[in-house]
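Open the model in your viewer and keep the selection panel at hand. The stops below follow one another, each with something to select.

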Amino acid sequence: MEYERKFKIGKPILEVNNISLSFGGVKAITDTSFNVLEHEVRAIIGPNGAGKSSMLNCINGIYKPQQGTVSFKGKQIPDITPNIMAQMGLSRTFQNLALFKRMSVLDNILVGRKLHTKTNFLEVALQLPKVKKEEKLNRDRSEEIISFLEIEDIKDTPVGKLPYGLQKKVELGRALATDSSIILLDEPMAGMNVEEKRDMCRFILKVNDELGTTMVLIEHDMGVVMDISDRVVVLDYGKVIGDGTPDEIMANQKVIDAYLGVAH
Amino acid sequence: MKPVFMTYTKKDLINLAVCMVLSVLIIPTFITTEYWYTSILIPWLCLALATIGQQVVMGYTGQLALGAAGFMAAGAFAMFNLILRVPDLGFVGSLIVSGLIAAAFGILFGLPSLKVRGIYLMVATLASQFFIIWMIDKFGWFKNYDSSGIITAQDIVILGKPLTTPLAMYFVCLAVTTVLTLLAMNMARGSTGRNWMAVRDMDIAAESMGVSLLRTKVQAFAISAFYCGVAGALFAFCYLKSLEPVAFDIKLSFKILFMCILGGLGTINGAFIGAAFILLFPVLLNSVGNNVFHGAIDATIISSIEQVIFGLLMIIFMIYEPLGMAKLWENLKQSIRLKLFSSGTKSVKSSAQKSE
């Protein structure tokens, strides 16, 4: 079933060139390159320990790779930090949930609006009119996201009290609130049941479709990956062993070997 | 609940009105003994203000800091020197500048928070406590070369009139505390407070959302030290009426830490509840000792018992109610509300129980 995309897949927005990362003697990623095109849904798959999360952490600046470069929006970023990447329009979620546990759902999502908040603490303390205006705009946008994710009824609950699946949703919401052009999702559907997964897929595709947000996701559920992604890159032992459309990946002998094992 | 005025809900405005009526009208009308003002209310307001400072850095930003009394000393001695050397500033001006000077120290001693955390940061921030006191003792200039060790604080002069009565002092403290509390609440509930709490709950995620750890932590330390500095100035000028570095020793820092934890981490009203408890509890113990046991228990034993009970309470709160007395107060109000307004639903409930 082909449909007309509002945002046509464009030029590369994110390029990872020859990244190598090791922790002491353990090589997590070896000389890995791939790119992400604007407005596409890109999946990173691979067996456990293949270096997928490390890859995202390199892109986002949490890990500093020993070699290689990351280019974002056509610019090579010399000294990547999570903060710089956030300011350039890259947001992410985390594998093991990194929510602000004691804050409410709404407040968590409001933190995502940080880069759209220009007023300083003095202005906030004095509650100047421009603070109120800005706060209202941010709250309206956050409420929009909350109703988009269908979590209106829990918006005042501290996130620490929510079940896992809902927390994953809130984390997606927080990433969405940044209005970033690209969102990295680290196992957005881990530990979810079939229905929750279906919901999550729907949200990811809807965001991609309506806002044109580029999505990079790590996922283990092959059905989901093959269903929703435009292109897939396969990592194994920190190396790229396959890169292409889902159909190409499914036909790739190396990928099949990596997943099913090879008889020696 | 929708805010009706700025970030405040209707409930907040009612609370504020009740507090104001209590503190401005009822207390001055019904409490006439000087003792209550000079020994309870004035130190309570000053220490509550310092506890708000501790809350900002510890309760909201999650940085274990122990050195509030050091910043208070900085504020107090800054105030003394400003009134002495720059009399044109006036009382309010000096108070603000004293706060700013303390804030500068806050920034300096907050810098370790970028590299160390938890208990190690606590040890690092202890430096502020010892350094500031040492500095004041070491360089005579800060004490205007006074050799006696205890300097009498200057009179508070507002609009040309010296304020000396305890009631006037109380109103000065009340006014400053009210304004700064409201400002703190605005920050805590606004985007500033959200950044603090984001850093507290998950710093790496906060950074990935564009919250600068450097800026947020240093800002929290500066604001915290500002509050402590102003509180220290008021503490010296309205309560102690004298300036001596010994008054701002580490015991006071611990006291403020206890007030913060017992009151409830990450709450503004908890600062007031915690300060009231820690101040009033020894008074209560003493009067129990005097009136129930008729002085049969030695005063030193009573003060030791006090320490034991504080310690026990800290442990109990840490385990059973980390949100402190502010949360207990909230629960109490909730249950009273339920009792008062659920009389109609009670019959339904009991009939439901019967059907079970």
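How many residues does the contact take from chain A and from chain B? It takes 31 residues from chain A and 24 residues from chain B, where two residues are in contact if their C-beta atoms, placed from the backbone, lie within 7 Å. This is a predicted model, in which local features need pLDDT of at least 70 and side-chain atom pairs count only at pLDDT 80 or more, while totals for chains, interfaces and linings use all residues. Residues are numbered from 1 along each chain as its sequence is written, and chains are lettered from A and ligands numbered from 1 in the order in which they are written.

**Stop 1: the side of chain A that touches chain B**

Select α2 (82-88), α3 (105-111), α4 (121-126) and α5 (129-148) of chain A; each supplies at least two residues of the side that touches chain B. Helices (H or I, at least four residues) and strands (E, at least two) are DSSP runs, numbered from the N terminus. With four residues, α2(A) gives the most to this side. Coloured by class, this side of chain A shows 15 nonpolar, eight polar and eight charged residues. Here Ala, Val, Leu, Ile, Met, Phe, Trp, Tyr, Cys and Pro count as nonpolar, Asp, Glu, Lys and Arg as charged, and the others, Gly among them, as polar.

**Stop 2: the sheet of chain A**

Next, select the six strands of chain A that form an open sheet of mixed pairing, in the order β6-β7-β8-β3-β9-β10. Two strands pair if DSSP finds at least two bridges between them. β6 (90-92) and β10 stand at the edges with a single partner strand each, so one side of each is left without a neighbour in the sheet. On average, neighbouring strands of this sheet are turned by 15° against each other, direction ignored.

Go through the pairs:

- β7 (residues 182-186) and β8 (residues 214-218) of chain A are parallel and share five bridges; A:Ile182 has A:Thr214 as its bridge partner in β8(A).
- β3 (residues 41-45) and β9 (residues 231-236) of chain A run parallel, joined by four bridges; A:Ile45 is partnered by A:Val234 of β9(A).
- β9(A) and β10 (residues 239-244) of chain A are antiparallel, with five bridges; A:Leu235 is partnered by A:Val240 of β10(A).

Zoom in on the hairpin that β9(A) and β10(A) form: two residues lie between the strands, and A:Tyr237 in the turn has a positive phi of about 50°. Axes are lines fitted to C-alpha atoms, for helices over the stretch in contact, and angles run from 0 to 180 degrees between N-to-C directions.

**Stop 3: two helices of chain B**

Move to α3 (residues 68-85) and α5 (residues 119-138) of chain B, whose axes come within 7 Å and cross at roughly 30°. That makes α3(B) roughly parallel to α5(B), as angles under 35 degrees count as roughly parallel. Residues of this contact include B:Ala73 and B:Phe77 of α3(B) and B:Ile133 of α5(B). By class, the contact has eight nonpolar, three polar and no charged residues.

**Stop 4: B:Phe248**

Finally, select B:Phe248, in the loop between β4 (242-243) and α10 (250-263) of chain B. Is B:Phe248 buried or exposed? B:Phe248 counts as buried because it has 29 C-beta neighbours inside 10 Å; the cut-off for buried is 20 or more other C-beta atoms within 10 Å of its own. Leaving out residues up to four places away in sequence, B:Phe248 touches B:Ala69, B:Gly70, B:Met72, B:Ala73, B:Ile133 and B:Gly232. The C-alpha atoms of B:Phe248 and B:Ala73 are separated by 5.8 Å, although the two are 175 residues apart along the chain.

Key: A residue is buried if 20 or more other C-beta atoms lie within 10 Å of its own, exposed if 12 or fewer, and partly exposed in between; C-beta atoms are placed from the backbone. Angles under 35 degrees count as roughly parallel, over 145 as roughly antiparallel, 65 to 115 as roughly perpendicular and the rest as oblique.
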